[in-house]
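Subject: Structure handover

Hi,

Here is the structure we talked about. Please have it open while you read; my notes follow below.

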Amino acid sequence: MSFVNDFAQCGGGHTVFWVPVLGPDGEPYDKESFPPHVIESLKTIPDVWGSQYLLQRPGEHDSIFDEQEIVESMFEWVDPMRTVMRYKAFEFDPDNLDELGQSIPERVTATVSLSDCRFYMHVDAKHKLESQARQRGKGQRPSKAAILITAVAPDHHVFIVDWWLEAVGLEGLARKMFSYYCLWAPYRISWESVGAQFWLREYFTKIEDYDERYRYPTARTRYGMAGEIPKLSSRMVEAEKTNQSKEFIARVVLSGLINRGVIHLDSKRHDEMLHQLLNVLDDREGIDLVDCLGQGPGVWKAPPPPSMFDQVARRLAFVSAFAQPRTGFIRGMRQPAGGDKRTGFKRPWS
Amino acid sequence: VTLVPKFTEEYRQEELLRGERSLFYFERNILGFDLLDDMDFELCKALEGRAPYQAWIRALVSKYRAGRKSTVASQGYPMWRGSYIVNFSTKLIEGSSDNAKYNHFAPLVDLYMNSPRAEYLQWLYGHRIPPNFVGWNSERLTFIKENPLASDTLSFWGPNSKFEGWHGDLVVIDDAQGTETEGSDVGVSDAWRSYKRAVPLLTDQRRGQVVVVGAPPISGTRSFVHEVKDSFEGVIKRAA
């Protein structure tokens, strides 16, 4: 092959002029337009960086997700009962800032108990059964019904604690949803209200009308809250689904959270989830679990931290010291003579 | 002392000659693409076929985003050839006719007709620009030609055009696949269709040129520019 220089080859009346943003030495050809902080900024969107700047083939640029980061940020169960998770959290030092004035996070090992987390269930139904679907042609992904359970910790880290994946119709999915609802007692259940899934909430409402087990569900005691819980249909919220493609959702909605190590996979049970994340651009692979996960950022809300409950408890104990023994009425503290020592403020009442 | 160039006929002939001898000079100094840098100088030399590069009939130009590949190869190069070769005709084929029209074709028409540089260009190429811009409209741009059968100097097609009724000397296929393919590979099929249909339209199959300009798509499984690169590299390898 006739290479003229690092970026061009000629011969046989053909010329290939091929200039990625970085030269063979790893330095940009145009250093003025691409200083180091611009390069770092562009690298945060790996697929755009890979294709548009490094001129790599689709799929050559490490998918949308950073596999190394996903593996490094996996959580592990501390106890055999699987109630406490150990993971890599961030510590923010207010004095350690980058050139844009943003805090540079430091990785620290942290633990969180499931009882301190808030659970979410994300559901993706199979649109058509195999018997109903046409012969699968090019560009049609294989599909299964999927349920994904995520636990959101008080520090906004998200843990994929459970999932289910099977090629069943709407009825089978509904049964499984109810089972998972009783197991995890999720705070919200999200689903994409498109196609046949539009009827999912109506479906549950009807079942709840005539089936008492569905009308008065009871949560198991192992995870989350125990005892009677609201009807499943009352916890359902529609995922904000627009006409964005799966690739767009994966790239824009999920890649930042996953590549920064905010979403954690289970170190013992991650094969299917990891496979789907890394093959999200391959239309021959099913990505129902990724679809489920894509619904998450729109509904996730972190629970208050345990320290907040301690503060409330301390304050209640302090205030209750002023309560009347018989009635429990709290009068409040007596006003010092002459008003507040520092400000001189006097309450208009005694 | 401010040096003011004398707009004499002698100066005009010198400037025309400088433009003819160097594509980079034509684009940067005459058309006013003043952001062009060293890498664009190399690209200009490659398009000219100047040493160390070789003369070509098929070329692929792929640069990083905002690397001015379309400015140099899709706008400057066809205008350079059209300005100095009588009856030279270029067809611009893109993934969308809007992209061809509003981003690449219309700015050139505006440059010659309305821009601050228009008066200078009209003075310099007065012998090539038809009086009152006859034959110039939103679809085509025509310099004075000697052969009445010669096609317009520059015109464009979108992917849905009929690909017939034109014969010329240069085809520029720019961003034929599109960047945001949303995972679909339909754009690659369309791009190859454009390429394969363009080649027979060249007036002289031995000298007519086709240049493919673009970058890989963000998503999807196929990349038109990579497939063209593989194809061209095969020819280059066999020639070596």
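Pro52(B) sits in the loop between helix H3 (38-48) and strand S1 (58-63) of chain B. Helices (H or I, at least four residues) and strands (E, at least two) are DSSP runs, numbered from the N terminus. The peptide bond joining Ala51(B) and Pro52(B) is cis, with omega about 10°.

This is a predicted model: local features need pLDDT of at least 70, side-chain atom pairs count only at pLDDT 80 or more, and totals for chains, interfaces and linings use all residues. Residues are numbered from 1 along each chain as its sequence is written, chains are lettered from A and ligands numbered from 1 in the order in which they are written, and side-chain values use heavy atoms, with hydrogens and water left out.

**Positive phi in chain B**

Arg68(B) lies in the loop between S1 and helix H4 (69-84) of chain B. Its phi is near 65°, a positive value in a residue other than glycine. Arg68(B) counts as buried, at 17% relative accessibility. Buried means under 20% relative accessible area, exposed over 50%, and partly exposed in between (1.4 Å probe, protein chains only).

Phe163(B) is in the loop between strand S4 (154-157) and strand S5 (170-174) of chain B. Phi is positive here too, near 55°. Phe163(B) is buried, with a relative accessible area of 7%.

**A helix pair in chain B**

The axes of helix H2 (residues 23-30) of chain B and H4(B) come within 10 Å and cross at roughly 105°. Axes are lines fitted to C-alpha atoms, for helices over the stretch in contact, and angles run from 0 to 180 degrees between N-to-C directions. H2(B) and H4(B) are therefore roughly perpendicular (65 to 115 degrees). From H2(B), the contact (heavy atoms within 4.5 Å) is made by Leu23(B), Phe26(B), Glu27(B) and Ile30(B). Residues on the H4(B) side include Tyr77(B), Met79(B) and Trp80(B). By class, this contact has eight nonpolar, three polar and one charged residues.

**A pocket lined by chain A residues**

The second largest pocket holds about 710 Å³ of space. A pocket is an open set of points on a 1 Å grid where a 1.4 Å probe fits, with protein on both sides within 12 Å along at least five of seven lines; lining residues have an atom within 4 Å of a point. Its lining has 18 residues, with Thr44(A), Asp98(A), Gln102(A), Pro105(A) and Arg260(A) nearest the centre. The lining divides into five nonpolar, six polar and seven charged residues.

Best wishes

Definitions and conventions: Points joined across faces, edges and corners; volume = space filled by probe spheres on them. Nonpolar A, V, L, I, M, F, W, Y, C, P; charged D, E, K, R; others polar. Parallel < 35°, antiparallel > 145°, perpendicular 65-115°, else oblique.
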